[in-house]
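The following paragraphs lead the reader through one protein model step by step. Please keep the sequence and the structure in view while reading.

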Amino acid sequence: MTTRVERCSRTTYLVLSVLVCIGALHQFTPRTLAQGKPAQGIDLLIPRVQKTELLNGVRVLAIEKPGEIAVINLLVKAGSFVDPRDKAGLANLTAQSVCFANAKLPLQRWKDELEFLKARIEIHLTTDSTVFQAQVPSSNVEAVLALFARLVVQPMFQKEGVDRLKSELHSSKLTVSEPRAMARLYLAELLFGQTGCARTEWGTPESVNALGIADLEAFHQAYYLPNNTALIVVGGPPMARLGDLVREKLGSWIKARLQPTEPAVGPLPARSVIRVIDRKTSSEAMILLGHSVPARQTPDFFALTLANTLLGGLGKASRLEHAFATQNIPHQTLSSGLDFRQFCGLFQVSAQTPLTAVSPAFGAILESIEDLKTRPISESELNQAKAVVLYNHRANMETETGLADQVTTVELFDLARDFLSSFPSRVEQLSAERVQEAAKNYLSSTQISGVVVGESQSVKAGLAEFRSFEISERQESATKPVSGN
């Protein structure tokens, strides 16, 4: 959903989920760099994060960064995972309605206010969080904080506006036809069954249509609480002044007891299932294979990140690209990714190939995973992977948005205080043996499921030799069920 003045969007919030090699939510987008030693001195770029906490529980994290632009992330530690089973899309609709269906600030006045403040506000929803992100001139930080306080603390949801949002969601988000997006939704269903991990963030036409004002108010009352919220500010006034402003704007927000979230149900028992989504008009196939990975707090985060970079993040030098090149397998896209989350972590490999290449491509992906676990990692290969990861870390530290998103990640997942500053040394000290050990422990070519979108008869013929996989078929559908098989 886009307007002329502001853009509210769900992204693959990379900083919050720390995606590696999937070109989406904000960081660690792998790039091919020249081989060599990892970049040095990155820790010098990490400014000090100052923290304070209001009596009502709002946590304030600030980085004083001179400049004309400030970035404000208002983090609510609840995302689509806490949507009730029969109310998929509730977290998203609540967040959108706070901005665009709030009687306290009618839509046209909202547009005028943002234009006057020269501000851009986006909404980023993930499984684990909702973030209202504002980019604004440093001189207007106070005004934006006042705007957040006015809209987020105690909104007055407006039925006409909510109905308009539902209509816009129907036209832009609830219809899934792009092959990769379709494959991701069905893969989540295979891996996580009927848990919150499998429900789409936007919901379905049926679930969204059924949502009413009372549902939005109940969700807001349960999760939009000061003791479930953090404010991250990069740029703007000094911390002493910022603390006073936050107390003035948000200090009267009343804390309440947090409701327990849905029990952290793990993924389904590991199985080898391939679901074929029949797309009769396509001459190509979208292949997506994956399985669950540990939560973001895993001590193996750095080793797994490097392992994934070696697999699919080094361009032509990656293990995947090498396998495809060796076997002359044609492909339009090829990548691997790790999506670290609180409950729904995911490893996945994707490839877009001609229908005639489904069988060799499928086999090459499985072989590449095993190759990473068995063939020694050379020093030059390891150094190149470290250089890619550190380059992206440096890039994130060089912008206000990148800094704000990184600090948001640290706060959301309760990471170590020195996570940002120690990141380079933690990467540099990893040995090839340690990286390969992580690959052996967490990446699998046997306990893996997948989705292939393409003309079903050709796809199934290509997969016939993979007898260890259970192969099922579904017709292509423009919409996606909430969950279940």
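Is Arg275 buried or exposed? In this predicted model, Arg275 is buried, because its relative accessible area is 9% and buried means under 20%. Its salt-bridge partner is Glu189, and the closest N and O atoms of the two residues are 2.9 Å apart. Glu189 counts as buried as well, since its relative accessibility is 0%.

The protein chain has 17 helices and 12 strands. It contains 485 residues, of which 59% count as buried. Among contacts with a separation of 6 or more, 84% are made by residues 24 or more positions apart. The accessible surface comes to about 19000 Å², and carbon and sulfur atoms account for 51% of that area.

The charged side chains deserve a further look. Side chains of opposite charge can pair when their charged atoms come close. In this model the count comes to 23 salt bridges. One of them joins Glu411 and Lys77, with a distance of 2.7 Å from N to O. This pair links distant parts of the chain: Glu411 lies in helix α14 (residues 400-412), whereas Lys77 lies in the loop between β3 (69-76) and α2 (90-100), 334 residues away. Glu411 is buried because its relative accessible area is 7%, while Lys77, at 29% relative accessibility, counts as partly exposed.

Another salt bridge is formed by Glu122 and Arg120, whose closest N and O atoms are 3.7 Å apart.

A covalent link between cysteines comes next. Which residue does Cys197 join in a disulfide? Its partner is Cys344, with 2.0 Å from S to S. The two cysteines stand in distant parts of the chain, 147 residues apart: Cys197 is in the loop between α6 (179-192) and α7 (205-209), and Cys344 is in the loop between β9 (333-339) and β10 (346-354). The link is left-handed, with -75° about the S-S bond. Both Cys197 and Cys344 are buried. The model has 1 disulfide by the rule applied.

Helix α5 (residues 159-172) has 14 residues and reaches 20 Å from its first C-alpha to its last, close to the 20 Å expected at 1.5 Å a residue. Which residues of α5 are buried? They are Gly161, Val162, Leu165, Lys166 and Leu169. Seen down the axis of α5, these buried residues fall within an arc of 145°, so they line one face of the helix. The reason for such a pattern lies in the geometry of helices: an α-helix has 3.6 residues a turn, so residues three or four places apart point the same way. The buried residues of α5 pack against α2, α7 and α8 (213-223). On the face turned away from the buried side, α5 carries the exposed residues Glu160 and Ser171.

Note on methods: Residues numbered from 1 in each chain as written. Predicted model: local features only at pLDDT ≥ 70, side-chain atom pairs only at ≥ 80, totals over all residues. Heavy atoms only, no water. Disulfide = S-S within 2.5 Å. Helix = DSSP H or I, 4+ residues; strand = E, 2+ residues; numbered from the N terminus. Buried < 20%, exposed > 50% of the residue type's maximum accessible area, 1.4 Å probe, protein only. Contact = heavy atoms within 4.5 Å. Areas by Shrake-Rupley, 256 points an atom, 1.4 Å probe, with all protein chains shown as cover. Salt bridge = Lys/Arg side-chain N within 4 Å of Asp/Glu carboxyl O. Expected span 1.5 Å × (residues − 1). Arc of directions from axis to C-beta.
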